[in-house]
Amino acid sequence: MDKVLGTLNGIEFTVGDTLLELSYLIAALLFVFGLKLLSHPETARRGNLWAAGGMGLAMITTLLLHKNSAGEGISITNIWIILCAIGVGAAIGWMVARKVKMTAMPQLVSLYNATGGGASMLVALLEYPAAMAGDIQSILVTVLGLIIGAVAFSGSLIAFGKLDGRVGDIMKPFMTYINLVLMVSTLALAVFIVISPNPPSEMMWAIYGLTALSLIYGVMFVMPIGGADMPVVISLLNSFTGIAAAMAGFIYNNQAMILGGILVGAAGMILTLLMCKAMNRSLINVIIGAFGGGGAALDREQGNIKEITLSDAAVLLSYSQKVVVIPGYGLAVAQAQHIAHELDSLLESKGVDVKYAIHPVAGRMPGHMNVLLAEADVPYEQLVEMDNINPDMPNVDVAIVIGANDVVNPAAYDDPSSPIYGMPIIDAHLAKNIIIMKRGMGKGYAGIENFLFFNDKTRMLFGDAKKSITSLVSEIKSM
Amino acid sequence: MEQFLTFFFEYKEAIFIIALSIFVGIEVISNVPAVLHTPLMSGANAISGVIIIGGIILVGHADLSKFSLDLILGILALIFGTLNVVGGFAVTDRMLEMFKKKKK
């Protein structure tokens, strides 16, 4: 391993050095292939394993072959400490990932994203003192890794809290200004650190200050965001963690880290933009949070709300040919996915064709409804994406909206003054009958009046979604 | 300007890698079906745990002769990184297992 193969730029390199770089190349290729396979349903599981294999390889070779600038390898005591730390992390990570309830998956993904950001933040913080005074390049990547990692860390923790129902959405108009001030001061302090000619040992106060500011900004940035905007923010934070890891890759001049990080950063960014597109809004608009309230034309006559009794609903559904269920976050809150599946199997057994229409931003994270319904064993073929179901909506006898609001709001088509005007929606209003399950007459997250509720074809079924569907199921059974 | 040019020259390989990986990242996940959004995000999230390599290097060359806060924070970084990697891949696998089960 220590055999010197030759010299590059005046530095000797050995067999071990070469093998290490080679293993990084293989790891990077496994990341790319893994991600590629992950984006197709049939190969996704294999893709995940490939990427994991690449990660394992890079970890082992680093442990065995990495040398510091003085040419010393990692000593055996250090290896033990590292193995212990990895053992602790792996045991906790594995157990939580295996034991946690399926419905808690979204918050778990956020939590693990937070730990990745936290690790990047700590690595940058600890590497900063090693930088040379005035070495703008390496200080720049360190500071960027620190800020992005810290924002991803605290932001993802808040996102975790929101998905877990521990943290509410706090949205005040003045928060936009506080966030702006926070962002500007964070950036100003970062620039000050980067261009300062002082050695890092004299700048520690500034780097700790920067860490604190970035952490606070992460909290304040995610705090006001809720509802349909959550999927955007979660994939954005995911992208941040990747970029932060890539910045750390610069510190070590490690290509596997740079490639892996940027790969995730780019993929996360695409997903973020996809989510934005599904809401017809720009990313800036989501971040600044110029959403909700006002706008909607309230002068339009509202018409009347018409309720439906359980028995009427049962009859209507049983004698339909085509039923489309449109789920939203309310379904997740009520944990009504299992009973919803019972309802659809019951109807299918009566010869009714039941499909689920999935809006890209329904729920609180990308693909939330898919995970939720998969957990209840709803067959894959029954889930239809928005663009595929909409042309068929006029033939649908009953559209059941469960805990969704903005994604079926026809104001997106016909009310230019509405904040959601232009957002693609599921065309529930084209169905022959519409049943809306709602807890009460509250407005959706966006705080916009939904005229679908006042539509002549619409009947409301008030109450907790789980209870309503349960009674509906027994009502249909007793028919 | 000179500063910028120096930066580019010193990091030219890395900048090439960045430019190409952005392209690869976009290319690889374009046309991903909505059903895979969550697992894809979760799997990508696990890959971003590659920061653990930094943690290994950091603790690997840490001076153990004296007790320091830096060492504790380095170990914490390692634990965080492992949580991200192991937890991330395990959660993704479990999710995909669930998708597979209901397919048949």
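1. A word on terms to begin with: two residues are in contact if their C-beta atoms, placed from the backbone, lie within 7 Å. Domain bounds here come from an automatic or database domain assignment. With that in hand, 14 residues of domain 1 of chain A are in contact with twelve residues of domain 2 of chain A.

2. Please keep in mind that this is a predicted model, where local features need pLDDT of at least 70, side-chain atom pairs count only at pLDDT 80 or more, and totals for chains, interfaces and linings use all residues. Residues are numbered from 1 along each chain as its sequence is written, while chains are lettered from A and ligands numbered from 1 in the order in which they are written.

3. Back to the two domains. Chain A splits into domain 1 (109-291) and domain 2 (310-477), and their centres, taken over C-alpha atoms, are 36 Å apart.

4. Now the contact between the chains, which takes 91 residues from chain A and 78 residues from chain B. On the chain B side, α5(B) makes the largest contribution, 31 residues. (Helices are DSSP runs of H or I with at least four residues, strands are runs of E with at least two, and both are numbered from the N terminus.) By class, this side of chain B has 48 nonpolar, 22 polar and eight charged residues. Ala, Val, Leu, Ile, Met, Phe, Trp, Tyr, Cys and Pro count as nonpolar, Asp, Glu, Lys and Arg as charged, and the others, Gly among them, as polar.

5. B:Ala34 counts as buried because it has 21 C-beta neighbours inside 10 Å; the cut-offs are 20 or more other C-beta atoms within 10 Å for buried, 12 or fewer for exposed, and partly exposed in between. Leaving aside neighbours within four places in sequence, B:Ala34 is in contact with A:Ile358, A:Pro360, A:Gly367, A:Asn370 and A:Glu385.

6. Finally, a helix pair worth a look: α6 (residues 175-195) and α7 (residues 204-222) of chain A pack at about 155 degrees, with axes 10 Å apart. Axes are lines fitted to C-alpha atoms, for helices over the stretch in contact, and angles run from 0 to 180 degrees between N-to-C directions. That angle makes α6(A) roughly antiparallel to α7(A) (under 35 degrees is roughly parallel, over 145 roughly antiparallel, 65 to 115 roughly perpendicular and the rest oblique). The contact of α6(A) with α7(A) has 16 nonpolar, five polar and no charged residues.
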